[in-house]
Amino acid sequence: MKTGIAGFQSPWLAYGFRPFFLLAALYAPFALVPWVGTLLQQFTLPMAMMPILWHGHEMLFGFASAALVGFLLTSIPSWAGVPHVQGKALAALVVLWLLGRLAFWLSASLPGVLIAALNIAFPLSVIFWAMPALLSATGRKHLSIGVVLLAFVLIQGLFYLGWLWPELALLSPQAALNTAVNVLLVLIALTASRIVRVVAMAARTEVGETGPVRLTPAREYLAIVALIVFVVADMLAPGHPVTGWIALAAAAAQADRLSEWPWGKAMGKLYLLLLTTAYLWMIAGLFLVGISALVDSLPGYAGRHALSVGAAGTAILAVFCIAGLRHTGRSLTMPRLIWPALGALFLTALLRTLVPIWWPEMYLLAGVGLPFLLWLIAYFLYVIAYARFLVSVRADGLPG
């Protein structure tokens, strides 16, 4: 692949994970700045919507969307045997994502329809590329990923509908954000099925354990179906007692699935611990969402940050770390900086989950300011550890 000056090869545009993992990690703390600045009364960015909606959009359809696209642009070619996106085509997708971010930062001075069109164009472009590959004979067994991706983009569209034309809205913008987080959990559960078998076997081999990793497909399917039922219930009747019981059932199904993962020495391997921590946060979040629907003393938002910051944020970091090594031709030896990154991310989720419930009087300091600093540290450490891998040629000399 040649780009730019004749004879110059750009490793950064050689594969989809390279630009989008790096840009997503850089944007993760940056997207919080206007919301945190408003809450702490330090400065206010002119916005076309409430700060909480701006914040939620940029974390889900800015940060998480870039991470998701980077993963899909890397995984689908190997699943379906199709050429990967690189060079000018990949650069065009990067520019489209950047235009969406710029549009939201300038939302107060741009037409809302233009902002929505720029932002929805990015995932739609990826869907138009991905669906033929996933519908092919070799890619069809991964079609569930494409279907859930379509659902994620549909929810993004419903967010814009609720923002621009509230009288036509099927979901309020806040409900659309909550649903988008839930759909992201389904994507995490689906991709975990593909990743955990590889990393669990690698971890067991490293610690000298023998024998295959036995994961029961029926238990994995049950966990995923339970999550899907929760997504629908939480979208149609959030906070309803029936939804609460479904959330608890989904939490139990995830715990049952997790029980088959290789506990013991293998869990000391950071790449497996990252995935496991994300799943533990998913279980905790679903449990809290369920209890909050059944117990009046627990606020309705309980568990939401365990799902978004804890489960989704940690799962994204796990994919960044694992794919950032495997697809740059390196062994699964995590840089030491990822240990404090995981610790900072764990504390971020813990504070965002517990402080609003138990110490509301400390919300601004311990529930906003400190978690923001810890979130920044977590992804800043990732960038320090991985940036050189993402912008340089593969360590094994292979293309990609």
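The crossing of helices α1 and α3 is left-handed, a word used when the near helix is turned anticlockwise from the far one by less than a right angle. This is a predicted model in which local features need pLDDT of at least 70 and side-chain atom pairs count only at pLDDT 80 or more, while totals for chains, interfaces and linings use all residues. Residues are numbered from 1 along each chain as its sequence is written, and side-chain values use heavy atoms, with hydrogens and water left out.

The axes of α1 (residues 17-30) and α3 (residues 51-80) come within 8 Å and cross at roughly 160°; the two helices are therefore roughly antiparallel to each other (an angle over 145 degrees).

His-57 is found in helix α3, whereas Ser-107 lies in the loop between α4 (87-105) and α5 (112-134). His-57 is buried (under 20% relative accessible area), with a value of 0%, and Ser-107 is also buried, at 2%. Not counting residues up to four places away in sequence, His-57 touches residues including Arg-101, Asn-119 and Tyr-160, while Ser-107 touches Pro-46, Met-47, Ala-48, Trp-54 and Ile-115.

The table lists polar contacts, that is, pairs of N or O atoms within 3.5 Å, one able to donate a hydrogen and the other to accept it.

| Side chain of | Partner | Distance |
|---|---|---|
| His-57 | Glu-58 side chain | 2.8 Å |
| His-57 | Tyr-160 side chain | 2.7 Å |

How values were computed: Axes fitted to C-alpha atoms, helices over the stretch in contact; angles between N-to-C directions. Helix = DSSP H or I, 4+ residues; strand = E, 2+ residues; numbered from the N terminus. Parallel < 35°, antiparallel > 145°, perpendicular 65-115°, else oblique. Buried < 20%, exposed > 50% of the residue type's maximum accessible area, 1.4 Å probe, protein only. Contact = heavy atoms within 4.5 Å.
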